[in-house]
Amino acid sequence: MTATPASPDLKAKHRAMWGLGNYARVADELIPELGQVLVEACEIGSGDRVLDIAAGTGNAAIPAALAGAEVTASDLSPELLEIGQAHAVEAGADSLTWRVADAEALPFDDAAFDVVMSCVGIMFAPFHEKAAAELVRVVRPGGRIGLVSWTPEGFIGQMFATMKPFMAPPPEGAQPPPRWGDETHVRGLLGDQVTSVRAEKRTVDIDSFETGAEFRDFFKACYGPTIVAYRGIADDEARTAELDAALAELGDRYVTAGVMKWEYLLLTAVRS
C-alpha cells in the first residue's frame, strides 16, 4: 500500500487529539512499567545515543536517561512533552532533550542514534511505511531498534476495533495502529534493513478497574482517541449509548477478579 502524503490538517488533528483528556494518567497509572521493559530489552546503558519516537510523557525516555543514556524524546504533541519534562525533573533525569517532531518526518540526521525505540507511540502514526522508513533511517548500522505495540487481538486492539464504526474513516492509505502489534506486519515494514529480529507477545496487568464501565469512563475522560470518537457522535444519543454499551461490555469480558490483561508485542532488531 502506498501512503498518500500527510496533510498539515491531518497532523494538526492528530496533535490536537493527543492533547485532549489526560494521557499522562494513562501512562503513569496504567502502563508505567512498559517503558522500563523496553529500555531493558534494548539493553540501553551509559553513553548510548537514544531516540524515543512518539515519546508522550516520557515513560520510556526517562528510564533510558536514568540508565545513563543521552536521550532525545520526540513527540508530535508539545502538551505531552511539557508534562514529560516536569516528570523528568522530578525523577532526576533533567538532562533529557525534548523535541516536537513528526514520526513520519523526523528532523534528525541519518544514523544519528545508537538506539531508536517507541513505546506504544509510533504505532499511531497513520502511514506505517513512512514511519518505519524514518525509524530505520535515523539509527546507525549495528544500532538497536525496540518497539512495544498493542496487538490487534489484545484488549487495546479490540478497543479500537470496537470504536471504529463510530469514528470518521481514516485518510486514504492510513493503516490501523494495532497492526504494529502484528509481528508479520512489522517484519514487512522493516524488511532487509534489519537483522536479529526478536518478537514476543506479553501482557501487562491492569488492576485499576473493577468493571467495564469503570474502564470506559476513565478512557472517555483521559484518552484522546476515545474522546474523539465520542465527540463525533455527541449529537446522537442513540449512537452514544451504543458505544457506551459496547465499550463497557468489552471491558467486562477482560476483567477477571479486578485485573485486566492487555497484550502487547515486544520487538527488537538490529540495523543492518
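**Close-up views of a predicted model**

**View 1. The largest nonpolar core of the protein chain.** In this predicted model, the largest nonpolar core holds 88 residues, among which Ile31, Leu96, Trp150, Met159 and Trp262 touch the most other members. The element that gives the most to this core is strand 7, covering residues 260-271, with 7 residues.

**View 2. The surroundings of Trp150.** Trp150 is one of the core residues that touch the most other members. Neighbours within four places in sequence are left aside in this view. Among the remaining contacts of Trp150 are Ile31 and Trp262, both of which also belong to the group of core members with the most partners.

**View 3. The pairing of strands 5 and 7.** Strand 5, residues 139-150, runs antiparallel to strand 7, and 7 bridges join the two. Within this pair, Val148 has Leu266 of strand 7 as its bridge partner.

**View 4. Thr72 in strand 2.** Thr72 lies in strand 2, which covers residues 70-75. The relative accessible area of Thr72 is 13%; buried means under 20%, so Thr72 counts as buried. When residues up to four places away in sequence are not counted, Thr72 touches Val50, Leu51 and Asp52, along with Thr97 and Arg99.

**View 5. The whole protein chain, for orientation.** The protein chain has 11 helices and 7 strands. Its radius of gyration is 18 Å, close to the 19 Å that the globule rule gives for 272 residues, so the chain is as compact as a globular protein of that length. The C-alpha trace spans about 55 × 40 × 30 Å along its principal axes. Of the 272 residues, 53% are buried. Among contacts with a separation of 6 or more, 80% are between residues 24 or more positions apart. The protein chain exposes about 11700 Å², of which carbon and sulfur atoms supply 50%.

Notes. Residues numbered from 1 in each chain as written. Predicted model: local features only at pLDDT ≥ 70, side-chain atom pairs only at ≥ 80, totals over all residues. Heavy atoms only, no water. Core = buried A, V, L, I, M, F, W, Y, C linked by side-chain atoms within 4.5 Å. Buried < 20%, exposed > 50% of the residue type's maximum accessible area, 1.4 Å probe, protein only. Helix = DSSP H or I, 4+ residues; strand = E, 2+ residues; numbered from the N terminus. Contact = heavy atoms within 4.5 Å. Pairing = 2+ DSSP bridges. Rg over C-alpha atoms; globule rule 2.2 N^0.38 Å. Areas by Shrake-Rupley, 256 points an atom, 1.4 Å probe, with all protein chains shown as cover.
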